[in-house]
Amino acid sequence: MTAIKNVLAICGSLRQASLNAQLLQATEKVLDNRAQVSWANIADLPHYNGDLDGDDKPLPVTQLVAQINGADALIIATPEYNYGVPGTLKNALDWASRPAFKSCLAHKPVLLMSASPSPVGGVRAQGQLKQILGGTLSHLCPVPEFALGGAATKFENGVLVDSETQKKLERLIGDFLAWLE
Ligand SMILES: Cc1cc2nc3c(=O)[nH]c(=O)nc-3n(C[C@H](O)[C@H](O)[C@H](O)COP(=O)(O)O)c2cc1C
């Protein structure tokens with residue numbers, strides 16, 4: 001019997017009605033009893049500042065690092081802002097990335113996804129994330145990009161209602177869990 005995995009969900013959007021948060025919630029349901037999911041809080045992180053990155057780090061930073069350390073894997077769902085990674089998410093990854101190459105992100109398995117009302121589904125932000133997470137020596141789950149286009153039409157009252165997307169998500173999570181073994 002395989003051990004239950006601890007998965008940390010990180011949403012690149014802080015918006016209450018975030019489509020990416022809804023996608024992560026749908027993912028949590030698909031994971032069901034195969035993983036324990038916790039959610040990272042990246043909203044309270046200060047802007048990265050090397051002067052604050054000493055022995056006495058801001059509490060939201062130590063909390064995020066502890067969450068990442070305690071997770072077997074991360075699932076990051078992000079919007080694309082102006083063809084790139086939202087600053088809030090980049091800031092969180094910058095905090096978590098220190099010390100370079102030996103941080104909590106080094107060798108951490110990561111699954112990426114994105115959602116956008118646009119047809120391309122935020123895939124360009126994922127391209128940037130791959131490069132960033134290459135710099136942190138994280139291990140990216142080797143799957144084709146899961147980029148949910150037209151996302152605003154796929155949820156109703158926060159629940160994924162598009163059966164095609166549901167099937168694709170189930171396949172993705174199956175592949176992800178198999179890869180984690
Ligand atoms: C500053 C800003 C820039 C955006 N740039 C893009 C973009 O480049 N590509 C895209 O697909 N959507 C873009 N959008 C639209 C977002 O994809 C859309 O607002 C999405 O719902 C945000 O994700 P969320 O629902 O998880 O908050 C942008 C939105 C904002 C606020």
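Guide: Start with serine 118. One of its polar side-chain atoms lies 3.1 Å from an oxygen atom of the ligand. That is a polar contact, a pair of N or O atoms within 3.5 Å. The protein covers 71% of the 620 Å² of accessible area that the ligand has on its own. Such areas come from the Shrake-Rupley method with a 1.4 Å probe.

This is a predicted model: local features need pLDDT of at least 70, side-chain atom pairs count only at pLDDT 80 or more, and totals for chains, interfaces and linings use all residues. Residues are numbered from 1 along each chain as its sequence is written, and side-chain values use heavy atoms, with hydrogens and water left out.

Now turn to glutamate 80. A polar atom of its side chain is 2.7 Å from a nitrogen atom of the ligand. Leucine 19 uses its backbone instead: a polar atom there is 2.8 Å from a ligand oxygen atom.

Next, take in the whole shell. It holds 13 residues, and Ser13, Arg15, Ser18, Glu80 and Ser116 come nearest to the ligand. A residue is near if one of its heavy atoms lies within 4 Å. Five shell residues are nonpolar, six are polar and two are charged. Here Ala, Val, Leu, Ile, Met, Phe, Trp, Tyr, Cys and Pro count as nonpolar, Asp, Glu, Lys and Arg as charged, and the others, Gly among them, as polar.

Last, step back to the protein around this site. Buried residues make up 48% of its 181 residues; buried means under 20% relative accessible area, with a 1.4 Å probe and protein chains only.

Note on methods
A polar contact is a pair of N or O atoms within 3.5 Å; within protein, one must be able to donate a hydrogen and the other to accept it, and residues adjacent in sequence count only if both atoms are side-chain atoms. Buried means under 20% relative accessible area, exposed over 50%, partly exposed in between (1.4 Å probe, protein chains only).
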